[in-house]
Amino acid sequence: MGDFGGRQKVFMKEINAADFQQEVLNGGKVVVDFYSTECPPCEALAPKFEAMAELYGEKIKFVKIFRQGNRELATSLGVSSSPTLLFFDNGKQVTDSISGGIKKSEIIERLDQMLPTDEVTAIKANQKATVAEYDVVILGGGPAGLTAGIYLGQAKIKTLLIDPALPGGYMGITHQVSNYPGFEQPQPGFMLAHYMSEQAKHTGIDFKVAVDITSVNLKKKEIVIDGFETIRAKKIIIATGTTPNTMNAPGEKEFKGKGISYCATCDAKYFVDKEVTVIGGGNSAVEEALFITKFAGKVTMIHQFDKLTANQTAIDELQKNEKISVMYEHEPRRFEKRDGKMVTFVEDLKTKELKELVTDGVFVFIGFKSNVSVLGDTLPESDSWGYIKTNEDRQTNLPDIYAVGDIISKKYRQITTAVADGTIAAMTISKEI
Ligand SMILES: Cc1cc2nc3c(=O)[nH]c(=O)nc-3n(C[C@H](O)[C@H](O)[C@H](O)COP(=O)(O)OP(=O)(O)OC[C@H]3O[C@@H](n4cnc5c(N)ncnc54)[C@H](O)[C@@H]3O)c2cc1C
């Protein structure tokens, strides 16, 4: 929403399948956001979508549709993952659809394609460059970054936390956390994320979330967000965590969001009584496969080794669950879609035989890589796996640059260890500033 000379202008409208013909197909230039509830990437997209609507709203209409309430329409448009954005011009879909963890720049790129160059130039001229100064900038609002924020805020240090998504990190997509101390019963991850980010906000630190990180210069300690906001800091804490690995198998990119998902919390609810393939065999894969059985009728896991590598409690749970079977020593080689089903071509690593596994959807949980590529040209020293090396105060080898949480070189990556890292970096900085 924006205020135009005292008039409140509505930039985005919620519509249903019944309005689709009128609002979208007869509606000129329209962007449609298919969203779901309990979907962290949908929540992270919402403010970006609203910001875009505010900027482009005179030229392009923005509507949102609740996917769960309009399943038939979503399916007819090939939408099988939340969130998904579709772009229409005069009733025809233009540009490709995008889904999952959508960046602001990916939306802008497509919106710019829908308009003449002079109109794009006029829209860009409305964005004014700004510069802000902080004592500390925290990059990343997972448990590590939020904890650093809580301690710095309580120490009255001028701090800004930046995140391209909403605060919470992986906590936001974990259905239940049973090992974070202080709670008798397992907590929904999104609630832990909510408690931690509210606690950080109450200490008075600033937040810039759901933004695009345009550039990071660790040497100059300067960050540019959304292309026009420059932020300078005396010290930077890197808490950008990790990203799930992809298999780079043929078909994976093509069917991402259209049959292949990386988020059970977001998409498992669409597989009630259906058959699902889960790829992976570590903690995340086993825990997420167990969660998926709350909805799906049958889950087949594909794991490259002859044993699962998850913790024993999770393995015991899995072995008790009759809905799950595991194909050990198999690896996916490529994906296809046939009659609306996902076909995973799986190689038996012992016999080299290629088998076809046909299910309604595929979930991928095969480990993580550190998010260092987003940190510009001058990177702190890392280990051979790409995780940042720190000393016991969580200082990197670069002056005034700290790193905390999953992104650092360490043995155990948990919420508790991330929280501990955030505490240490913030307490060290509090003594220095
Ligand atoms: C499915 C799953 C289940 C899990 N279950 C448990 C559990 O039950 N118990 C437990 O203790 N641990 C669990 N873990 C591990 C735990 O979630 C992580 O160890 C912890 O979240 C790491 O915290 P972090 O703050 O370092 O990183 P993250 O939680 O990954 O947060 C990183 C943040 O940085 C942001 N970011 C990324 N790039 C940038 C950028 N360029 N600039 C700024 N910000 C950026 C991200 O959007 C994100 O918000 C689980 C992990 C997964 C994936």
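## Ground rules and confidence

Residues are counted from 1 along each chain, following the sequence as written. Since we're looking at a prediction, local features need pLDDT of at least 70 and side-chain atom pairs count only at pLDDT 80 or more, while totals for chains, interfaces and linings use all residues.

The pLDDT (the predictor's confidence in each residue, from 0 to 100) averages 92 over the protein, and 97% of the residues score at least 70. Residues 1-8 are another story: pLDDT is below 50 there, and the stretch has 8 contacts in the model beyond near neighbours in sequence. A contact here is two residues with C-beta atoms, placed from the backbone, within 7 Å.

## Domains

An automatic or database domain assignment supplies the bounds. It gives domain 1 (2-124), domain 2 (130-243 + 368-432) and domain 3 (260-364). Between the C-alpha centres of domain 2 and domain 3 there are 32 Å.

## Around the ligand

The ligand has 35 residues around it, and the closest are Gly140, Gly142, Gly169, Gly241 and Gly405. To be near, a residue needs its C-beta atom, placed from the backbone, within 6 Å. Domain 2 and domain 3 each put at least three residues into this shell.

Helices H6 (143-154), H10 (283-292) and H12 (415-432), along with strand E10 (159-163), each supply at least two shell residues. These elements are DSSP runs numbered from the N terminus: helices are H or I with at least four residues, strands are E with at least two. The shell splits into 15 nonpolar, 15 polar and 5 charged residues. Ala, Val, Leu, Ile, Met, Phe, Trp, Tyr, Cys and Pro count as nonpolar, Asp, Glu, Lys and Arg as charged, and the others, Gly among them, as polar.

## H6 meets H12

The axes of H6 and H12 come within 7 Å and cross at roughly 35°. Those axes are lines fitted to C-alpha atoms over the stretch in contact, with angles running from 0 to 180 degrees between N-to-C directions.

On the H6 side, the residues involved include Pro143, Ala144 and Tyr151; H12 brings, among them, Ile415, Val419 and Met427. By class, this contact has 12 nonpolar, 5 polar and 1 charged residues.

The peptide bond from Ser82 to Pro83 is cis, with omega near -5°. Pro83 sits in the loop between helix H3 (71-76) and strand E6 (84-89).

Lys156 isn't a glycine, yet has a positive phi of about 60°. You'll find Lys156 in the loop between H6 and E10.
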